[in-house]
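This note concerns the aromatic side chains of the structure shown below. Please read the numbered points alongside the sequence and the model.

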Amino acid sequence: MSKFFGFVFAGGVATLLNFTVFVLLLWIGVGPYVSSATGYLSGIALSYLINTRMVFATRTRPSVFAYYFIYFLALMLQLCLLYALLLFGVNPLAANSIAIAIVVVVNYLVMKRFLFRQGLH
């Protein structure tokens with residue numbers, strides 16, 4: 001159970017970094033898509049470090065490629081959700097928040113199923 005809370009903590013810290021980078025870049029005039037992607041990628045890097053070094057500190061770590069590939073797919077989902085929400089006139093901050101919330105849940109389920117199976121049971 002402590003690994004679950006560690007995973008949630010890592011995701012929360014990564015999401016906070018993701019959103020902070022997004023807001024700062026948006027504030028200085030960078031567009032919402034580049035801001036979102038940059039925030040997301042910075043969150044992935046932090047998440048990988050926390051999850052592999054602290055939460056699931058074992059001799060065998062998931063492949064960096066597999067980890068980033070799953071997050072790349074999730075980034076595509078996040079950007080598609082952001083695009084759709086912006087099309088419906090949702091404010092960029094609210095739209096990105098909604099997209100992040102959905103993607104966090106999807107990421108947890110995918111990571112649990114494919115990368116950290118034994119660590120979460």
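1. F65 and F69 are four residues apart in helix α3, so about one helical turn separates them. Helices here are DSSP runs of H or I with at least four residues, numbered from the N terminus.

2. This is a predicted model, in which local features need pLDDT of at least 70, side-chain atom pairs count only at pLDDT 80 or more, and totals for chains, interfaces and linings use all residues. Residues are numbered from 1 along each chain as its sequence is written, and side-chain values use heavy atoms, with hydrogens and water left out.

3. The search of the whole structure finds seven aromatic pairs. Rings of Phe, Tyr and Trp (its six-membered ring) pair if their centres lie within 6.5 Å; planes under 30 degrees apart count as stacked, over 60 as edge-to-face and the rest as tilted. The ring centres of Y40 and Y71 are 6.2 Å apart and the planes stand at 55°, so this pair is tilted. Because Y40 belongs to helix α2 (residues 32-55) and Y71 to helix α3 (residues 64-87), the pair ties together parts 31 residues apart in sequence.

4. Both Y40 and Y71 are buried, that is, under 20% relative accessible area, with exposed being over 50% and partly exposed in between (1.4 Å probe, protein chains only). The aromatic pair of F65 and F69 is stacked, at 6.0 Å centre to centre with 15° between the planes. F65 is exposed at 64% relative accessible area, while F69 is partly exposed at 41%.

5. Ring pairs also join Y40, Y48, Y67, Y68 and Y71 into a cluster.

How values were computed
Helix = DSSP H or I, 4+ residues; strand = E, 2+ residues; numbered from the N terminus.
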